[in-house]
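The stops below say what to select and what to look for.

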Amino acid sequence: MFERANQKSSNQGRSVKLPGKTTQRSDARPVDIARELRAKSELGRREAKLAKAEAKLSG
């Protein structure tokens with residue numbers, strides 16, 4: 001089934017394969033899956049490190 005931008009997405013589960021994990025069924029929204037992937041990527045780790053350093057400087 002295709003999801004259209006003008007339709008509310010159904011709550012059907014989808015098969016998700018995240019790095020380091022086995023394929024599993026998930027009801028997570030695609031946005032949440034993308035955020036988790038970005039957080040675990042090299043860029044996400046750099047952003048977290050930068051945010052930590054900025055927080056340390058601002059007090």
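## The whole chain

Start with everything displayed as a cartoon. Read from the N terminus, the elements of the chain follow the order β-β-α-α. That comes to 2 helices and 2 strands. What you are looking at is a predicted model.

Colour the chain by confidence next. The average pLDDT of the chain is 80, and 80% of the residues score at least 70. Among the elements, strand β1 (residues 14-16) has the lowest confidence, with a mean of 79, while α2 has the highest, at 93.

The chain exposes about 5,600 Å², of which carbon and sulfur atoms supply 54%. How much of the chain counts as buried? Of its 59 residues, 8% do. As for contacts with a separation of 6 or more, residues 24 or more positions apart account for 0% of them.

Is Ser26 buried or exposed? Ser26 counts as buried because its relative accessibility is 18%, and the cut-off for buried is under 20%. Show the side chain of Ser26: this side chain reaches the backbone nitrogen of Ala28 at 3.0 Å. Then display what surrounds the residue. Apart from neighbours within four places in sequence, Ser26 is in contact with Gly13, Arg14 and Val16.

Move on to Asp27, in the loop that joins β2 to α1. Asp27 counts as exposed, because its relative accessibility is 62%.

## Helix α1

Select residues 30-40, helix α1, and find Glu36 within that helix. With a relative accessibility of 28%, Glu36 counts as partly exposed. Which residues does Glu36 touch, leaving aside its neighbours within four places in sequence? The contacts are Leu18 and Lys21. Between Glu36 and Leu18 the C-alpha distance is 8.7 Å, and the two are 18 residues apart in sequence.

## Charged pairs

Show the side chains of the charged residues. Side chains of opposite charge can pair when their charged atoms come close. How many salt bridges are there? The count comes to 5.

Take Asp32 to begin with. Asp32 forms a salt bridge with Arg29, and the closest N and O atoms are 3.2 Å apart. Asp32 is partly exposed, since its relative accessibility is 32%.

Next, select Arg38 and Glu47. Their side chains meet in a salt bridge, at 2.6 Å from N to O. Arg38 has a relative accessible area of 43% and is therefore partly exposed. Glu47 is partly exposed too, with a relative accessible area of 37%.

## Helix α2

Finish at residues 42-58, helix α2, which has 17 residues. From the first C-alpha to the last, helix α2 reaches 25 Å, close to the 24 Å expected at 1.5 Å a residue.

Within this helix, select Arg46 and Glu42. The two form a salt bridge, with the closest N and O atoms 2.9 Å apart. How far apart along helix α2 are Arg46 and Glu42? They are separated by about one helical turn, because they are 4 residues apart in the helix. Arg46 is exposed, with a relative accessible area of 56%, whereas Glu42 is partly exposed at 48%.

Just after α2, Gly59 takes a positive phi of about 105 degrees.

Note on methods. Residues are numbered from 1 along each chain as its sequence is written. Side-chain values use heavy atoms; hydrogens and water are left out. The expected span of a helix is 1.5 Å times one less than its number of residues. Buried means under 20% relative accessible area, exposed over 50%, partly exposed in between (1.4 Å probe, protein chains only). Contact means heavy atoms within 4.5 Å. Accessible areas come from the Shrake-Rupley method with a 1.4 Å probe; for residues, only the protein chains shown count as cover. A polar contact is a pair of N or O atoms within 3.5 Å; within protein, one must be able to donate a hydrogen and the other to accept it, and residues adjacent in sequence count only if both atoms are side-chain atoms. A salt bridge is a side-chain nitrogen of Lys or Arg within 4 Å of a carboxyl oxygen of Asp or Glu. pLDDT is the predictor's confidence in each residue, from 0 to 100.
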